[in-house]
Amino acid sequence: MTEKTIRTLFKEIFGGDTGEVFVTFAPGRVNLIGEHTDYNGGHVFPCAITPGTWMAARLRHDRTLRLYSGNVPHRGIATCSMDRMERSPGSDWANYPKGVVRIFRDAGFPVDRGFDAVYLGDLPTGAGLSSSASIELATATMLSGLFGLGLEDQAGRIRMALLGKETENRFIGVQSGIMDQFAIALGRADTALFLDCATLLHEEVPLDLGDCDLVIMNSNAPRELAGSKYNERREECERALQSLRNAGLAVGSLGELDEATFEDWSSAIEDPVCRRRARHAVLENRRTIAAVRLLRRNESGGTERLRRFGALLNASHLSLQFDYDVTGRDLDCLVESAWQQWSCLGARMTGGGFGGCAIALVERGGYEEFVEAVGKSYLGFTGRECTFLRTTAGEGARRIS
């Protein structure tokens, strides 16, 4: 997919006679480790990936938005007035750009004219690779360019990430954390981001996987965060945190706790379900910190270092399966099939869960055999095809022209 592709699509849908057409791109993201820790004040370790969302737009002289997606052409053009920016159950994907415009306006940015826009992406929808946040950041980057908002520096990109998160929380209704938008806004090639979600302090960590590939395995099992148990998990963690506070532990978030402190105080969480949710949040955060320490090292014995990293991925999945209960039969089958392959150093689900994708750390020389064996096993168990993508860390959201 290229700039020419999106410009051609724009001309087909909206014509090309008047006004300048701008183009932006925002990638998807994959989270290496640190799942459901972002809204618990913990750490995450994501990277932007090379697939993503292209957007082309042209300002109008009125207050109308006309939005078209080349991925769902049968939906036609979604049209709305800037004076009535409400979430519509019928507009689906268009709620994301509409929400970004609404949140930018609420924040005081002078977004005072409508525009025509087309979107086209190569991220699988509902796969846990943040296609929605990719749309949000493509739109935010476009607004900065169309209206001269000056959000191109690092502080501006952080602001766009925060506004994207606010779009999810306030407009879409998913109480997600900052990870997706932050990774997409600030991603760098060949680099993962170690982010403290409580403070937004972050570090770029070179993603050196030696002779291994990071493989995304798409279960092709649909997921829908707004209609799933996502918000329920967040509420369970909040109840667990409140139980600890009521018992006398001075703590701002579950992410502040280490393993020993949690074990000392966990009995204060009387609800066993909430206790398991909190255990995952605490231990996953510590696994993330440990994983980054491993990948920071440039010492010899790289294979052993990566095997230890892979073991943390495995532990993360088991915690998400048994303590957080967000994996499901499809993702469990996929990950367990990956574990059985000699070339796999570690595997786990990635993203919010309830379907979507898993990742595996795979020795390069065994990739083809890995794909064949895991694909066959998954098809036999679920009756569904799995798709595989060897990925690298890519650049974050940006204006193309």
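**Reading helix packing and strand pairing**

Q: At what angle do the axes of α3 and helix α4 (residues 154–172) cross, and how far apart are they?
A: They cross at roughly 130° and come within 10 Å of each other. Keep in mind that this is a predicted model.

Q: How do I put a word on that angle for α3 and α4?
A: In general, over 145 degrees counts as roughly antiparallel and 65 to 115 as roughly perpendicular, with oblique for what is left once the roughly parallel angles are also set aside. At roughly 130°, α3 and α4 are therefore oblique to each other.

Q: Is the crossing of α3 and α4 left-handed or right-handed?
A: Right-handed.

Q: Which residues make the contact of α3 with α4?
A: From α3, look at Ser132, Ala133, Glu136, Leu137, Ala140, Thr141 and Ser144. From α4, the partners are Met160, Ala161, Gly164, Thr167 and Glu168. Sorted by class, that contact has five nonpolar, five polar and two charged residues.

Q: How does helix α2 (residues 95–106) pack with helix α3 (residues 131–146)?
A: The angle is about 45° and the axes are 9 Å apart. That makes α2 oblique to α3. The handedness of this crossing is right-handed.

Q: Which residues of α2 and α3 make that contact?
A: On α2 they are Tyr96, Pro97, Val100, Val101 and Phe104. On α3 they are Ser132, Ile135, Glu136, Thr139, Ala140 and Leu143. By class, the α2 and α3 contact divides into eight nonpolar, two polar and one charged.

Q: Let's zoom in on one residue of α3. Is Thr141 buried or exposed?
A: The working idea is that buried means under 20% relative accessible area. Thr141, which sits in helix α3, has a value of 9%, so it is buried. Setting aside residues up to four places away in sequence, Thr141 touches Thr24, Met160, Ala397, Arg398 and Arg399.

Q: Thr24 is on that list. What is the bridge partner of Thr24 in β2?
A: Start with the general idea: strands of a sheet pair through backbone hydrogen bonds, either parallel or antiparallel. Here, β1 and strand β2 (residues 43–59) pair in the antiparallel sense over 10 bridges. Within that pairing, Thr24 has Met55 as its bridge partner.

Q: Which residue stands opposite Arg398 of β12?
A: That's Phe25. Two bridges join β1 to strand β12 (residues 398–399), and the two run antiparallel.

Q: How many residues of strand β1 (residues 22–33) are buried?
A: 12 of the 12, so β1 is largely enclosed by the rest of the structure.

Q: How many residues of strand β6 (residues 191–196) are buried, and on which faces?
A: Six of its six are buried, so the strand is mostly covered. Thr191, Leu193 and Leu195 are buried on one side, and Ala192, Phe194 and Asp196 on the other.

Q: Which strands does β6 run antiparallel to?
A: Two bridges join β6 to β2, with Leu195 of β6 as the partner of Val44. Five bridges join β6 to strand β7 (residues 202–206), also running antiparallel.

Q: Which residue takes a positive phi in the hairpin of β6 and β7?
A: Leu200, with phi near 65°. The hairpin has five residues between its strands.

Q: In what order do the strands of the open sheet with β8 and β11 run?
A: Four strands are laid out as β9-β10-β8-β11, with antiparallel pairing. β9 (344–350) and β11 (387–391) are the edges, each with a single partner strand, so one side of each lacks a neighbour in the sheet. From one strand to the next, the twist averages 25°.

Q: How many bridges join β9 to β10?
A: Six bridges join β9 to strand β10 (residues 357–363). To find your place in β10, look for Ile359, which has Arg348 opposite.

Q: Which helices lie across β8, β9 and β10?
A: Helix α10 (residues 328–339) lies across β8 (212–218), β9 and β10, and runs at about 170° to β9. Helix α11 (residues 367–382) lies across β8, β9, β10 and β11, at about 150° to β11.

Q: One last residue. Where does Ser69 lie, and what is it in contact with?
A: Ser69 lies in strand β3 (residues 64–69). With a relative accessible area of 6%, Ser69 is buried. Leaving out neighbours within four places in sequence, Ser69 is in contact with Trp93 and Tyr119.

Technical notes:
Residues numbered from 1 in each chain as written. Predicted model: local features only at pLDDT ≥ 70, side-chain atom pairs only at ≥ 80, totals over all residues. Heavy atoms only, no water. Axes fitted to C-alpha atoms, helices over the stretch in contact; angles between N-to-C directions. Parallel < 35°, antiparallel > 145°, perpendicular 65-115°, else oblique. Left-handed = near helix turned anticlockwise from the far one by under 90°. Contact = heavy atoms within 4.5 Å. Nonpolar A, V, L, I, M, F, W, Y, C, P; charged D, E, K, R; others polar. Pairing = 2+ DSSP bridges. Buried < 20%, exposed > 50% of the residue type's maximum accessible area, 1.4 Å probe, protein only.
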